[in-house]
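Here is a protein chain to look at together. Have the sequence and the 3D view open as you read.

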Amino acid sequence: MADASYPEDLLYHPAHDWARVEGEQATLGITWFAQEALGEVVFFEPPPVGTSVSKDAAYAEVESVKAVSDVIAPLSGEVVEVNAGLAENPHAINEDPYGEGWLVRVRLSDPSERQALMDAASYESSLAG
């Protein structure tokens, strides 16, 4: 399991998802807090490439030894890539949630939505409160 961390270059959604925005695309994943709460991840059910995802709506499922949980989109867009490595190694979500454990990449349909997300300090404060 990874150590608790919330990288400052990411944006955070209250449902414990993160986005790394790079131009017109964003890489999405779940936070350290989310993977810790889930426990050992054993399966990731991604959406197909080409799927439209909507901010604040479920777009995928993560299955752990404890439960199956929806993954909530922090931003809207079209899925342009899925992390194929998670099919064989879903535990990467636990080991490296911000690196090898990323979930999907999307082409943003409304880049202004990022204004509603939290920075790392705000997200960490939300966890404490």
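This is a predicted model: local features need pLDDT of at least 70, side-chain atom pairs count only at pLDDT 80 or more; totals for chains, interfaces and linings use all residues.

Q: Why is the pair of Tyr-6 and Tyr-123 called edge-to-face?
A: Start with the distance: the ring centres are 5.3 Å apart, and rings pair if their centres lie within 6.5 Å. Now look at the angle: the planes of Tyr-6 and Tyr-123 stand at 65°, and angles over 60 degrees count as edge-to-face. So the pair of Tyr-6 and Tyr-123 is edge-to-face.

Q: What makes the pair of Tyr-12 and Tyr-123 stacked?
A: Here the planes are 15° apart, with 4.9 Å from centre to centre. Planes under 30 degrees apart count as stacked, so that is the name for Tyr-12 and Tyr-123. Ring pairs join Tyr-6, Tyr-12 and Tyr-123 into a cluster.

Q: Which parts of the chain does the pair of Tyr-6 and Tyr-123 tie together?
A: Tyr-6 belongs to the segment before β1 (11-13), whereas Tyr-123 is in helix α4 (residues 120-128).

Q: How do you know whether Tyr-12 is buried or exposed?
A: Compare its relative accessibility with the cut-off. Tyr-12 has 0%, and buried means under 20%, so Tyr-12 counts as buried. Tyr-123 also has 0% and is therefore buried.

Q: What makes the approach of Asn-83 to Trp-102 a polar contact?
A: A polar atom of the Asn-83 side chain lies 2.7 Å from the backbone oxygen of Trp-102.

Q: How do you know that the charge of Arg-105 is within reach of the ring of Trp-102?
A: The charged end of Arg-105 is 4.0 Å from the ring centre. The distance limit is 6 Å, so this part of the test is passed. Arg-105 is listed as sitting over the ring of Trp-102.

Methods. Residues are numbered from 1 along each chain as its sequence is written. Side-chain values use heavy atoms; hydrogens and water are left out. Rings of Phe, Tyr and Trp (its six-membered ring) pair if their centres lie within 6.5 Å; planes under 30 degrees apart count as stacked, over 60 as edge-to-face and the rest as tilted. Helices (H or I, at least four residues) and strands (E, at least two) are DSSP runs, numbered from the N terminus. Buried means under 20% relative accessible area, exposed over 50%, partly exposed in between (1.4 Å probe, protein chains only). A charge sits over a ring if NZ of Lys or CZ of Arg is within 6 Å of the ring centre and within 35 degrees of the ring normal. A polar contact is a pair of N or O atoms within 3.5 Å; within protein, one must be able to donate a hydrogen and the other to accept it, and residues adjacent in sequence count only if both atoms are side-chain atoms.
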